[in-house]
Amino acid sequence: MSDTETRPPTAEAANGLKRNAIGTGGIAFLVISAAAPLTVMAGVAPVAIGIGGIGAPMGYLIAGAVLLVFAVAFMAMTKHVKAAGGFYTYITLAMGKTVGLASAILAIVSYNCLQIGVYGLFAVQTQAMLRTLFGLDVPWPAVALVAIGAVWFLGYRGIDVGAKVLGVLLIAETAILAIMGAGILASGGAHGISGASFEPGNAFTPGVLAILAICFAAFMGFESTVLYRREARNPDKSVPRATYIAVGFMSVFYAFVVWTVVQAFGDGDVVAAAGELADGMFFATINHYVGPWAEVVMYVLIVTSVYASQLAFHNAINRYVYMLARDGVLPAFLGKTHPTYKSPHRAGQIQTVLAAVVIAVCAVAGADPYKQLLIWVNTPGIFGIVALQGLVSVACFIYLRRTPAAVTNRLLVPVSVASAILLFGVVVLIAVNIELLTFADALTNTILLLVSPVVFLAGLLIARRLRTARPHVFNRIGSFETHDS
């Protein structure tokens, strides 16, 4: 008899996530917000242009195409995996509980690296905004701690409230980038409008291949659509739709924005401008082509963009922790939801405390909020999530071969193989070009790259230990019976 059948219905209802809380749009807002479009454009795209040249827009299209292939394989399992455990559930179903638990632990660590590291970016961007607009100089740890409290508050209030706020913020940050692009095109750019960015000689160069790690980082979080299955309306349709919308929108929009910035400076001058202006490139561009008022708005919206990203990752982390607690791997109190808001509030409290501790340690150690907190902490997260995407593709292949009824199209199996090959190829590219993400020495880069495999190995050992010492817990790994309706 399953856990669902033996657990009293009232207890299950009391600790369940809020049902029918969000639709396709809400899920899409959550996952696109995690990627923080304005932040990855204004803060990171200049680096991509500086290295990839005028072919940089193509890097985002290539990344989007690879992730679209992944999404097709990923979503093939959606109707057959009813639980909301994300990568954890998918990998467990196809590859077993030991690998599944290791994947869940890696996902939690990777998402925490992404979420906590971004507090450094939030602090830097907010400092710049306050200094530019109001002449204030606020210590970065104070800014980061305020952000932690704000993220906790909306996460605590529930997924529907968070989705509405993220929707408003996402529309605003997307709009300011679209206005900038329209202003550039309306003015004819620096030397007329050129399509040279997409010509093969510029689009498939070693520089473009080198920036693929940067381009993939711009999509971080889109795969978390499946984590909201239990809270979604008509999840069999809304989750796949939201996934395809997220990937399609981000790849096309990113490529469009970067292409318009190339036009703003001209094919021959944009690389030099990216090196000279760095993270001020987009602000200078919008000031020139739209007006000073738009630069002020961009300064404000880039702060809300980073906040939206932190909230989206906070929600994803909490749901992984919640599922592992419900399965008995983590302490049971983390598997409780708020009696009113139905949010996994206790998991959120732990994540909030962890973030505050990391910020405090960085502040006491005198760490640089951008280089050490953002870049160095984020890098293992990016590496871990892309590696997990590759592992999910392998899981999809195994599941589809094992379950012929799930193969609704004869292309699904070869697509899953192609997805795995492409994503593990990206993992290799990230490792080879890691200095483009970190600007660190060889020893630091080696340590950052080792975080994910060491965490995964530790997860395998923990799973093996549970199998012998606590078999009743090991048998519950996977979030299948406990959470299926």
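These notebook entries record what I looked up in a predicted model.

**Conventions.** I worked with a predicted model, in which local features need pLDDT of at least 70 and side-chain atom pairs count only at pLDDT 80 or more, while totals for chains, interfaces and linings use all residues. Residues are numbered from 1 along each chain as its sequence is written, and side-chain values use heavy atoms, with hydrogens and water left out.

**Largest pocket.** I took a pocket to be an open set of points on a 1 Å grid over the protein atoms alone, where a 1.4 Å probe fits and protein lies on both sides within 12 Å along at least five of seven lines; lining residues have an atom within 4 Å of a point. A volume is the space filled by probe spheres set on the points, which are joined across faces, edges and corners. The largest pocket holds about 690 Å³ of space. I found 34 residues in its lining, with Gly 43, Val 44, Tyr 370, Leu 374 and Ile 375 nearest the centre. Elements giving two or more residues to this lining include α3 (24-35), α4 (37-52), α7 (97-134) and α18 (369-402). I used DSSP runs for elements, helices being H or I of at least four residues and strands E of at least two, numbered from the N terminus. Helix α4 gives the largest share, seven residues. By class, I noted 26 nonpolar, seven polar and one charged residue in the lining of the largest pocket. Here Ala, Val, Leu, Ile, Met, Phe, Trp, Tyr, Cys and Pro count as nonpolar, Asp, Glu, Lys and Arg as charged, and the others, Gly among them, as polar.

**Second largest pocket.** I recorded about 190 Å³ of space for the second largest pocket. Its lining includes Val 72, Met 75, Lys 79, His 80, Asp 236 and Tyr 244. Both α5 (56-76) and α13 (235-265) give two or more residues to this lining. The classes are eight nonpolar, two polar and two charged.

**Salt bridge.** I counted one salt bridge, defined as a side-chain nitrogen of Lys or Arg within 4 Å of a carboxyl oxygen of Asp or Glu. Asp 137 pairs with Arg 131, their closest N and O atoms being 3.6 Å apart. For accessibility, buried means under 20% relative accessible area, exposed over 50% and partly exposed in between (1.4 Å probe, protein chains only). Asp 137 is exposed at 61%, whereas Arg 131 is partly exposed at 44%.

**Thr 92.** I located Thr 92 in helix α6 (residues 87-95), where Thr 92 is buried at 5% relative accessible area. A polar atom of its side chain lies 2.6 Å from the backbone oxygen of Tyr 88.

**Cysteines.** I searched the whole structure and found zero disulfides, a disulfide being a pair of cysteine sulfur atoms within 2.5 Å. The sulfur of Cys 113 has its closest cysteine sulfur, in Cys 362, at 12 Å, so the two are too far apart for a bond. Cys 113 is buried at 15%, and Cys 362 is buried at 13%.

**Positive phi.** I noted a positive phi of about 50° at Ala 36, which is not a glycine. Ala 36 sits in the loop between α3 and α4 and is buried at 4%. Phe 439, also not a glycine, has a positive phi of about 50°. I placed Phe 439 in the loop between α20 and α21 (442-469), and Phe 439 is exposed at 55%.

Methods: Polar contact = N/O pair within 3.5 Å; in protein donor to acceptor, adjacent residues only side chain to side chain.
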